[in-house]
Amino acid sequence: MKTFLITGGAGFIGSNFIQYMIKKYNNINLINVDKLTYAGNLENLKDIEKNKNYKFIHADICDKVAIENIFKQYNIDYIVNFAAESHVDRSINDPETFVKTNIEGTVNLLNISKKYWSVDEDVYRDGCKFLQISTDEVYGSLGKTGYFFETTPLCPHSPYSASKASADLIIKAYFDTYKFPVNITRCSNNYGPYQFPEKLIPLMINNALNHKNLPVYGDGLNIRDWLYVEDHCKAIDLVLKKGKIGEIYNIGGHNERTNIDIVKFIVSYIKENVDVSVEESLIKFVKDRKGHDKRYGICPDKIYNDLGWKPETTFDVGIKTTIDWYLNNKSWMKNITNGQYKNYYKRIYGEN
Ligand code: NAD
Ligand code: DAU
């Protein structure tokens, strides 16, 4: 029975991944280590929290003692490192927290797993793997044409993407120097259920539902390449099982949209299906993000060809499912905005 250490599993993608894996496999153990920052919410996992193959541990990935204790107690086979400060706007105001978690936290996980997985010099226990969940933002920004390939030089612009790129380089160094068994995935923008409402899609859905302004940065013509979160989870599962050690895999589905198109789509869907009084006049063009990357576009040919992954959810289906999820889970949103998940945590785990 393989044991997975999932870090940041109470966040958006991590909690979707845990739910996906628990439903798919009954012969694995999942340990979720999360610091429960503002972005971590155990309510995301309430459907599976009593599953005998799942365990939550409240800890910071930077905490050497806490992480080492986990390795002493459990025979960890895989680390899937989702834990991160993930929001670009926050990184512009507070780069230091990003350096701590995204770089130092990753190094701490590498050092401790290396210690417990080593069987000889540069030889590690059979089948173990460290998977870093990275991002397409490490490549920087594209012009009107071209794509990011795994070989594209790293050129991050924000403190967030620079911290993720730094972690990627350290991980590459552990492979090059110690032959440490790693993979890195670099995915494009995710959307779907349980995404914290600071990110574009959930922010716009919830503001529109509450007749609040829809703040679009700059001219709204920046382009992101959107992938439904479940497709990302399937790709991660595949890279864990079949990814060649030391390789990087881009993940994306050639689904580029301007921000203004996304916002207009959300407004028109809500107007047509939920509330006829929601209008495009809610859209407000506001001051641009500092250093705002113009366009992201992933070339996913390597994971298509080498591992046989392809996205399964079209944008039309995924965005409607996502809007419907937020509509049907208004209490989740209310708890988030009132900080109520902390009480949920106390109720379930009896501490803060
Ligand atoms: P998120 O902000 O929703 O969740 C991050 C989780 O990490 C939270 O549960 C938080 O409590 C936890 N965390 C933060 N600091 C921690 C620490 N020091 N120790 C332990 N836990 C800590 O983020 P997300 O959108 O789910 O992204 C997950 C990962 O995927 C990140 O590494 C991000 O860089 C990467 N990624 C995200 C996207 C996207 O579109 N959201 C795309 C590509 C890659
Ligand atoms: O590309 C992958 C990355 O996608 C991940 O690595 C990050 O963790 C994730 O946060 C996301 O980063 P972005 O900066 O692309 O996502 P965000 O949702 O913050 O913004 C998407 C676009 O929408 C971006 O061009 C900025 C714009 N935007 C965002 C917000 C929050 C607005 O116009 N208005 C807004 O209010």
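Me: Where is the place of Y194?

Reply: This is a predicted model, in which local features need pLDDT of at least 70, side-chain atom pairs count only at pLDDT 80 or more, and totals for chains, interfaces and linings use all residues. Residues are numbered from 1 along each chain as its sequence is written, chains are lettered from A and ligands numbered from 1 in the order in which they are written, and side-chain values use heavy atoms, with hydrogens and water left out. Y194 sits in the loop between β9 (189-191) and α6. Helices (H or I, at least four residues) and strands (E, at least two) are DSSP runs, numbered from the N terminus.

Me: What is the phi of Y194? Is Y194 buried or exposed?

Reply: Y194 is not a glycine, yet its phi is positive, about 70°. For burial, look at relative accessible area: buried means under 20%, exposed over 50%, partly exposed in between (1.4 Å probe, protein chains only). Y194 has 13%, so it is buried.

Me: Which loop holds H254, and how does its accessibility read?

Reply: H254 belongs to the loop between β12 (248-251) and β13 (256-258). H254 too is not a glycine, and has a positive phi of about 50°. Its relative accessibility is 41%, so H254 counts as partly exposed.

Me: Now a strand. Where is S134 found, and is it buried or exposed?

Reply: S134 is part of strand β7 (residues 129-135). Its relative accessibility is 5%, so S134 counts as buried.

Me: Which residues is S134 in contact with?

Reply: Contact means heavy atoms within 4.5 Å. Set aside the neighbours within four places in sequence. Then S134 touches K164, D168, I184, T185, R186 and C187.

Me: How do I read the length of a helix such as α7?

Reply: Compare its reach with the expected span, which is 1.5 Å times one less than its number of residues. Helix α7 (residues 229-242) has 14 residues. From first C-alpha to last it reaches 20 Å, close to the expected 20 Å.

Me: How many residues of α7 are buried?

Reply: Start with the general idea. An α-helix has 3.6 residues a turn, so residues three or four places apart point the same way. Here α7 is mostly covered, with 10 of its 14 residues buried. Among them are V229, H232, C233, I236 and L240.

Me: At what angle do the axes of α1 and α7 cross?

Reply: Axes are lines fitted to C-alpha atoms, for helices over the stretch in contact, and angles run from 0 to 180 degrees between N-to-C directions. Angles under 35 degrees count as roughly parallel, over 145 as roughly antiparallel, 65 to 115 as roughly perpendicular and the rest as oblique. The axes of helix α1 (residues 12-24) and α7 come within 9 Å and cross at roughly 65°. That makes α1 roughly perpendicular to α7.

Me: What is the handedness of the crossing of α1 and α7, and which residues make the contact?

Reply: A crossing is left-handed if the near helix is turned anticlockwise from the far one by less than a right angle, and right-handed if clockwise. The crossing of α1 and α7 is right-handed. From α1, the contact uses F12, I13, N16, F17, Y20, M21 and K24. From α7, it uses V229, E230, H232, C233, K234, I236, D237, L240 and K241.

Me: How do the residues of that contact of α1 with α7 divide?

Reply: Ala, Val, Leu, Ile, Met, Phe, Trp, Tyr, Cys and Pro count as nonpolar, Asp, Glu, Lys and Arg as charged, and the others, Gly among them, as polar. The contact of α1 with α7 has nine nonpolar, two polar and five charged residues.

Me: Next pair. At what angle do α2 and α4 cross?

Reply: Helix α2 (residues 64-73) and helix α4 (residues 95-117) have axes that come within 10 Å and cross at roughly 30°. That makes α2 roughly parallel to α4. The crossing is right-handed. K64, I67, E68, F71 and K72 of α2 meet N108, L109, I112, S113, K115, Y116 and W117 of α4. This contact divides into six nonpolar, two polar and four charged residues.

Me: And at what angle do α6 and α10 cross?

Reply: The axes of helix α6 (residues 200-209) and helix α10 (residues 315-328) come within 10 Å, crossing at roughly 55°. That makes α6 oblique to α10. α6 passes α10 in a right-handed crossing. I201, P202, I205, N206 and L209 of α6 meet I319, T322, I323, Y326 and L327 of α10. Eight of the contact residues are nonpolar, two are polar and none is charged.

Me: Which helix holds E272, and what separates E272 from P181?

Reply: E272 lies in helix α8 (residues 259-273). Its relative accessible area is 68%, so E272 is exposed. The C-alpha atoms of E272 and P181 are separated by 50 Å, and the two residues are 91 residues apart along the chain.
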